[in-house]
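This report looks at one strand and its partners, then at a set of aromatic rings. The structure comes first.

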Amino acid sequence: MAYFNESHIKNLEHLYKINLINSCSGYKSANLLGTKSKEGNENLAVFSSVTHIGSSPAMLGFFLRPTTVIRNTYENIKETGYFTINHIHNSITEDAHHTSAKYAKDISEFDVTELTPEYKPDFFAPFVKNSPIQLAMEYVEEYGIQAINTILVIGKIVGLYVDDTFLEDDGFINLAKAEVAAINGLDAYAIPNTNKRYGYQRPKVLNAKS
């Protein structure tokens, strides 16, 4: 096996190190975050850091890199308090990935891709039309991670839209059936094609030692 100690990692060529560290944690979620400024400028950006925070109340979080440069998604969320999370599926991976390009605030990623904004009743931020799982999110709070100068942004789910084709009787959303993508590293998209569910686990009954 290849081995990298802390010193090796620190001195790796920049792009090699980014690829290595971003892929070593395993597959990550692949989502598009939709926002809109108070002036009406729509923004759409790919994120691979959306994570479950809690179920009751229902909350999700995502991580932001340092805000020393323009972060339209973050600015819009702080300005309006709302955003959407939309799952990336097999047929839109190329356009979804292009939203990582740095456009000016007044240029919408919807306008430079084939992705289409969709609005739901009484919600400010745009969703991605035809995304099989769409979440309406309201900003709650954030935490600065000083060691690496990043921010964990936490939002609560105020609306959840699921294509009922992929919603099972027990509430499980079958992402494989929906062809929802996962991200390997920064730029590789994988489409899982199966689920193995094992159910809630309880301790095994062990034989008492004599």
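## The ring cluster

Tyr82, Phe123, Phe127 and Tyr161 are linked into a cluster by ring pairs. The model is a predicted one. In total, the structure holds 6 aromatic pairs. One of them joins Phe123 and Phe127. Their ring centres lie 5.7 Å apart, with 45 degrees between the planes, and the pair is tilted.

## From Phe127 to Tyr161

Phe127 also pairs with Tyr161. Here the centres are 5.6 Å apart and the planes stand at 80 degrees. An angle over 60 degrees counts as edge-to-face, so this pair falls in that class.

Tyr161 has a relative accessibility of 34%. This value lies between the 20% and 50% limits, so Tyr161 is partly exposed.

## Lysines over rings

Which residue lies over the face of Tyr161? Lys120 does, at 4.3 Å from the ring centre. A further contact of this kind involves Lys36 and Phe124. Lys36 lies over the face of Phe124, at 4.5 Å from the ring centre.

## Strand S2

Lys36 is part of strand S2, which spans residues 31-36. Of the 6 residues in S2, 6 are buried, so the strand is largely enclosed by the rest of the structure. Asn31, Leu33 and Thr35 point one way from S2. Leu32, Gly34 and Lys36 point the other way. Residues of both sets are buried.

## Partners of S2

S2 pairs with strand S3 (residues 42-47). The two run antiparallel and are joined by 6 bridges. Lys36 has Glu42 as its bridge partner in S3. In the hairpin of S2 and S3, 5 residues lie between the strands. Gly40 takes a positive phi in this hairpin, near 100 degrees.

Strand S6 (residues 82-87) also pairs with S2. This pairing is antiparallel too, over 4 bridges. Which residue of S6 stands opposite Asn31? His87 takes that place.

Definitions and conventions. Residues are numbered from 1 along each chain as its sequence is written. This is a predicted model: local features need pLDDT of at least 70, side-chain atom pairs count only at pLDDT 80 or more; totals for chains, interfaces and linings use all residues. Side-chain values use heavy atoms; hydrogens and water are left out. Buried means under 20% relative accessible area, exposed over 50%, partly exposed in between (1.4 Å probe, protein chains only). Two strands pair if DSSP finds at least two bridges between them. Rings of Phe, Tyr and Trp (its six-membered ring) pair if their centres lie within 6.5 Å; planes under 30 degrees apart count as stacked, over 60 as edge-to-face and the rest as tilted. A charge sits over a ring if NZ of Lys or CZ of Arg is within 6 Å of the ring centre and within 35 degrees of the ring normal.
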